[in-house]
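Work through the exercises below with the model open. Try each task before reading its solution.

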Amino acid sequence: MSTSPKPVKKVPIHLQSAQNRVYIKNGEIVNHDKSFKADVYIEDGIIKFVGPASDITIPGGVRTIDATGRMIIPGGIDPHTHLQCPFGDTVTVDDFYRGTKAAVAGGTTMIIDCVLPKKHESMIEAYDKWRSWADPKVCCDYALHVAITWWSKSVSEEIGILCKELGVNSLKMYMAYKDLYMLNDSDLLDVFERIRSLNGVAMVHAENGDIIAKNTKSLLAEGICGPEGHELSRQEEVEAEAVHRACILAHQMKTPLYVAGVTSKSSAELVGRARRSGYSVFGETLASSIGRSMSSVRKPERVYYITSPPIRMSAETPRQLMKSLAYDDLQVTGSDNCTYNKKQKEMGLKDFTKIPNGVNGAEDRMSVVWEKGVQQGLLDPCRFVAVTSTNAAKIFNIYPQKGRIAVGSDADIVIWNPLATRTISKDTHQHACDLNIFEGMTVHGVPEIVMVRGRICAENGTIRVAEGHGRFIPMPVRPPFVYDIIEGKVQSSEEQQQQQHQQQQHEEHHNGNLIKKFAELDILIPAPEPLAEMLAGNLPMPAEGSICSTPSVRGRVDGKRDMQESSFSISEELDRSGVRACIKVKNPPGGKSSGFW
């Protein structure tokens, strides 16, 4: 009988279309759960093959890209933009063309913009208006959140139509902007209840609008009118109080909650505590908050950095927020891209309440997260993919169509050079605004090639986008990643801790018996390779294809360990929707509570 191995069956590629045929070879594919060496073949905007070169036959006439020394990652998903957005008597300078062009230049291949109806305006009419603005202009795919800026029976009926017929699964509420967009607690409870009945996702802009209104009045009366008054009116605790309240209100209605734009350490910790208590809550921080602090901005220029919630003053905040992303207290990074020119910003130089709120970020988000996360040793590349793409795709129910390099997924692909650097500047960015809050920052991590559904739209700094190439992506209701927590299909942290403890005891008992038996047989057990040596680059890393459940310092591109960081694991497969089981939650005085104190 012959024992020769069976020949490998190669996958033939049938070229039935002349559109978007690309073969990427010799790259390292990085998904949120693992990285591995493989080639990728794309046809008609879809990934058709992922695997070794020996398993595929590529005929002539295909564009071949050699990705040696590069990472092949899913295109970024920016879940928080405000393009072509009216604000009072002005409008943001990035329309849907310039905004999505900037996003693509930075490695983002999909955005989720926010429809912002005026008070008493029809939700459906506002949605139609945003679609009419976006559809002819977008250079990449997009979806829409819709804000609920007032509450009535008609609004309740209309959001039913949005969720059931128009591809919207996320509704946003403002807890700030009193007398403009803000909803009170009673309305929030009603809205949360309605969203839960539709299997949607509730989003909040979390700041206490009543406190802000009171503080603003006092500051102006005291003559504090300049840009410094902005953060003074809405300190960290004003954000944290609203985050805490939103988590409890949503939990009471059994509604999944997405906290948009977390800018402070205390708010991030509250989101983390809620998650560890079993709440279905997810947190997003912003490129602006992890890339800058106001302490590094000269006072005359602070007017250009005004956004809400604010970029915080403390120089420690950016690193603290990045650690929250690493710990899984926060899951997503957005840009909150809402750009204005200097002249527009200066309308509020003498009255901070008149400064249009918003900054840039769509183009630089990916590189800023890499620089402040991976390059600084706080994230590994898998976690980078999770927080810039995959987690957003899962939360808003477009995974694995988006957010993954896999057969059948859209060919939204970035060939990422982790060692290259670039310097951010208003003179070279693709935004329409004449300022950039990251001006002069040199960042590692450069998107060398960006594909939107298989079309190469950016290549080595040259941007070739087409208006209207992007398409609207419907977001179905009941995202499993979100609703599995509510429906009890995900273990609570207490259950995980108990299970881990039992498993650890079993392993220690088992290992003890083995060591005793080996000793009796006089078998020498080799010492394990020291982790520190492996991380320092002196020993080889685990074989390719292994799960990237690695200490944070693996992400350092220069191979050096940051001795100030502990070796916590930050890239566990997020399909489990797991929360940190290694942290004990203290009970409040007086005994145990089901809250997240």
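This is a predicted model: local features need pLDDT of at least 70, side-chain atom pairs count only at pLDDT 80 or more; totals for chains, interfaces and linings use all residues.

Residues are numbered from 1 along each chain as its sequence is written, and side-chain values use heavy atoms, leaving out hydrogens and water.

**Exercise 1.** Classify the ring pair Tyr 177 and Tyr 181.

Step 1: Recall the rule. Rings of Phe, Tyr and Trp (its six-membered ring) pair if their centres lie within 6.5 Å; planes under 30 degrees apart are stacked, over 60 edge-to-face, the rest tilted.
Step 2: Apply it. The centres are 6.1 Å apart and the planes stand at 75 degrees, so Tyr 177 and Tyr 181 are edge-to-face.
Step 3: Compare with Trp 370 and Trp 416, a tilted pair at 5.8 Å and 50 degrees.

**Exercise 2.** Decide whether Asp 351 is buried or exposed, and find its contacts.

Step 1: Buried means under 20% relative accessible area, exposed over 50%, partly exposed in between (1.4 Å probe, protein chains only).
Step 2: Asp 351 has 17% relative accessibility, so it counts as buried.
Step 3: Contact means heavy atoms within 4.5 Å. Leaving aside neighbours within four places in sequence, Asp 351 touches Leu 220 and Cys 225.

**Exercise 3.** Find which ring lies under the charged end of Lys 394.

Step 1: The test wants NZ of Lys or CZ of Arg within 6 Å of the ring centre and within 35 degrees of the ring normal.
Step 2: The ring is that of Tyr 399, with its centre 5.0 Å from the charged end of Lys 394.
Step 3: Lys 34 sits likewise over Phe 36, at 5.4 Å.
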